[in-house]
Amino acid sequence: MSRTFKQEFFRIYDRKIGAGEITFSQTGISKEDFTRLCTQEDFVFNPEAIERLALNMKLTDEERLLLLSSAERETAR
């Protein structure tokens, strides 16, 4: 079974925060959206926001595509 957007995001986010590669403020995520991501199981960022996150979080192409595809799967439900 594939991971949800939330699971994929936090897997990447936690690794990058833990390694000191990024800080929360560098992600560009508002506190409101971060709270929604934490508390709402079906919350996903739109594709444009994911592209911004990819740049801000210095995601690899693979990580970016993973987030985009998981968001697309959840939006299609």
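Author: The crossing of α1 and α5 is left-handed. In this predicted model, the two helices pack with their axes 8 Å apart, at an angle of about 155°. An angle over 145 degrees counts as roughly antiparallel, so α1 is roughly antiparallel to α5. On the α1 side the meeting residues are Phe5, Lys6, Glu8, Phe9, Arg11, Ile12, Arg15 and Lys16, and on the α5 side they are Glu63, Leu66, Leu67, Ser70, Ala71 and Glu74.

Consider α5 by itself. Helix α5 runs over residues 61–76, which gives it 16 residues. From its first C-alpha to its last it reaches 22 Å, close to the 22 Å expected at 1.5 Å a residue. Which residues of α5 are buried? They are Glu63, Leu67, Leu68, Ser70, Ala71 and Glu74. These residues cover an arc of only 165° around the axis, and therefore lie on the same side of α5.

The axes of α4 and α5 are 10 Å apart, and the angle between the helices is about 160°. That value makes α4 roughly antiparallel to α5. The crossing of α4 and α5 is right-handed, whereas that of α1 and α5 is left-handed. Pro47, Ile50, Glu51 and Ala54 of α4 make the contact with Arg64, Leu67, Leu68 and Ala71 of α5. Leu67 and Ala71 are also among the α5 residues that meet α1.

Between α4 and α5 there is a loop, and Lys58 has its place there. Although Lys58 is not a glycine, it has a positive phi of about 55°. Is Lys58 buried or exposed? Its relative accessibility is 52%, and Lys58 therefore counts as exposed, the cut-off for that term being over 50%.

Leaving aside neighbours within four places in sequence, Glu74 is in contact with Thr4, Phe5, Lys6, Glu41, Asp42 and Val44.

Not counting residues up to four places away in sequence, Lys6 touches Leu37, Cys38, Thr39, Gln40, Glu41 and Glu74. Lys6 and Val44 are 38 residues apart in sequence, but their C-alpha atoms are 7.3 Å apart in space.

What is the span of α1 as a whole? Its end C-alpha atoms are 20 Å apart, which agrees with the 20 Å that 14 residues should span at 1.5 Å a residue. The buried residues of α1 are Phe5, Lys6, Glu8, Phe9, Phe10, Ile12, Tyr13 and Lys16. They pack against α2 (24–27), α3, α4 and α5.

The packing of α1 with α3 (residues 31–39) shows another arrangement: their axes come within 10 Å and cross at roughly 120°. At that angle α1 and α3 are oblique to each other, and α1 passes α3 in a left-handed crossing. The contact is made by Phe5, Lys6, Phe9, Phe10 and Tyr13 of α1 together with Phe34, Leu37, Cys38 and Thr39 of α3. Phe5, Lys6 and Phe9 also belong to the α1 residues that meet α5.

Ile17 is also found in helix α1. With a relative accessible area of 32%, Ile17 is partly exposed. It touches Ile22, Thr23 and Phe24, not counting residues up to four places away in sequence. From Ile17 to Val44 there are 27 residues in sequence and 20 Å in space, C-alpha to C-alpha. Just after α1, Gly20 takes a positive phi of about 80°.

Key: Residues are numbered from 1 along each chain as its sequence is written. This is a predicted model: local features need pLDDT of at least 70, side-chain atom pairs count only at pLDDT 80 or more; totals for chains, interfaces and linings use all residues. Side-chain values use heavy atoms; hydrogens and water are left out. Helices (H or I, at least four residues) and strands (E, at least two) are DSSP runs, numbered from the N terminus. The expected span of a helix is 1.5 Å times one less than its number of residues. Buried means under 20% relative accessible area, exposed over 50%, partly exposed in between (1.4 Å probe, protein chains only). The arc is that of the directions from the helix axis to the C-beta atoms. Axes are lines fitted to C-alpha atoms, for helices over the stretch in contact, and angles run from 0 to 180 degrees between N-to-C directions. Angles under 35 degrees count as roughly parallel, over 145 as roughly antiparallel, 65 to 115 as roughly perpendicular and the rest as oblique. A crossing is left-handed if the near helix is turned anticlockwise from the far one by less than a right angle, and right-handed if clockwise. Contact means heavy atoms within 4.5 Å.
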